[in-house]
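Hello,

Here is the structure I promised to pass on to you. Please have a look at it first, and my notes follow below.

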Amino acid sequence: MIRFRDVSVEKGGQPILTGIDLSLCERRIGVIGRNGSGKSTLARLFNGLETPTRGSVTVDGQEGGKALRRQVGFVFQNPDNQIVYTIVHEDLEFGLKNLGLGKEEMRARIDTVLGRFQLEHLRDRLTHQLSGGEKQMIALAGVLVMRPRLIVLDEPTTLLDLWNKRRFMAALRDLEQHVVLISHDLDLLNGFDRVLHVQNGRIAADGPPDAVIAGYVAGSQC
Amino acid sequence: MLSDLYIPGDSPVHRARPLVKILALVVFCTGVFLVDHWAGIALAALLVAAGFALAGLHPRHGFAALRPALWILAAIFAVQLWLTGPALAAFVILRFALLILAASLVTLTTTAGEFVAGIEAGLKPAPDWVPKARIALAISLSLRFIPLVRSVLDEVREAQRARGLERNLTALLVPLVVRTLKQADETAEAIQARSFD
């Protein structure tokens, strides 16, 4: 259960998010909104990358700190900024080393995730030589090996072509974890359980995808 | 550059422990700096050549490592030629070239992860207040950022050319620095998100 209690975020005296009150327990949650509406800030609150100026955010009772980050994985828009090491398997080991796992356990987890997405052939590749789609899959794999309970993705398909976008979304659909997806691509939210529309730092609409998206589209007509 | 030039292989040099390679490099470089006669330089050159052969590397790999430094070597040679004469200028240049080649032998046969593990192993005896993991990560990130910065540089250069700015250093450097700093910020957040303390 994710709980936002009267959350506000200010930066440089400017309100970014104001009075967010949410209880989220659905498996697939989408977040939509215009550029600068505050949805990325909202996403970053989930795993403590952003600290609320007022209020609190808890995930299964955990608030902030390393314990929260272990439960909530985060996939960024640009995988180039997320990949830390120069060789794929070394990058996948990075998060696992931070969890203090032994070599055998690390190998087993990496094998499982690479096998699941048919990425075994990338194991020893140089990360900067991967295609954009491969990089984003490796960024997702780097989060999945840590076995978080919730995965937050901030516009992860923006830099992908249609084929890679479909591949990435197929991978996402099969995950057993809870997922929060921030996206401008409304098609990706088909089949989601709940969608939040963020506008001017507030939740303007909250409900099933069809209703929220229809309202969002109607509101953006010129 | 480690991230660009690593050549996969299974030679004894590839298999050698990273810490051993790093320490051997330190000893070699110190030795090359201490020798002041041609026989010593010839022996050092022989050692580097043997290392390349043992690692199964082609001479073109060595040249690729030297190429970016050629203009610096040429500048040093010109200054030395003017100050000390041709013999000492050649000696100094050979010494620098051997250092670069020896370092590239390590980087060509060591992955970034192995390199970082080697640094961490080397730092093991250090007291607890030394942030070993942070030092190792910083080195890894420097290596990771080399190809990233270069690709940003290429993108900015192309964008400037498209706007007719062929040789404008400010127009090249400002977006490069801004984008690199932004990338560094996002990478720092990504590291935090992956539970690094």
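**How two helices of chain B meet**

Helix 8 of chain B and helix 9 of chain B run roughly antiparallel to each other, because an angle over 145 degrees counts as roughly antiparallel. Their packing angle is about 155 degrees, and the axes are 9 Å apart. Axes here are lines fitted to C-alpha atoms, for helices over the stretch in contact, with angles from 0 to 180 degrees between N-to-C directions.

On the helix 8 side of chain B, the contact is made by Ala112(B), Val116(B), Ile119(B), Glu120(B) and Leu123(B). Helix 9 of chain B answers with Lys132(B), Ile135(B), Ala136(B), Ile139(B), Ser140(B) and Leu143(B). Two residues are in contact if their C-beta atoms, placed from the backbone, lie within 7 Å. By class, this contact has eight nonpolar, one polar and two charged residues. Ala, Val, Leu, Ile, Met, Phe, Trp, Tyr, Cys and Pro count as nonpolar, Asp, Glu, Lys and Arg as charged, and the others, Gly among them, as polar.

Before you go further: this is a predicted model, in which local features need pLDDT of at least 70 and side-chain atom pairs count only at pLDDT 80 or more, while totals for chains, interfaces and linings use all residues. Residues are numbered from 1 along each chain as its sequence is written, and chains are lettered from A and ligands numbered from 1 in the order in which they are written.

Now for the chain as a whole. Chain B has 10 helices and zero strands (DSSP runs numbered from the N terminus: H or I of at least four residues for helices, E of at least two for strands). The C-alpha trace of chain B spans about 50 × 50 × 35 Å along its principal axes. Among contacts in chain B between residues at least 6 apart in sequence, 73% join residues at least 24 apart.

An automatic or database assignment divides chain B into domain 1 (2-123) and domain 2 (132-193). Their C-alpha centres lie 27 Å apart. Domain 1 of chain B brings eight residues to the contact and domain 2 brings nine. On the domain 1 side, helix 1 (2-5) and helix 8 of chain B are the elements that give two or more residues. Helix 8 gives the most there, with five residues.

Best wishes

Note on methods
Angles under 35 degrees count as roughly parallel, over 145 as roughly antiparallel, 65 to 115 as roughly perpendicular and the rest as oblique.
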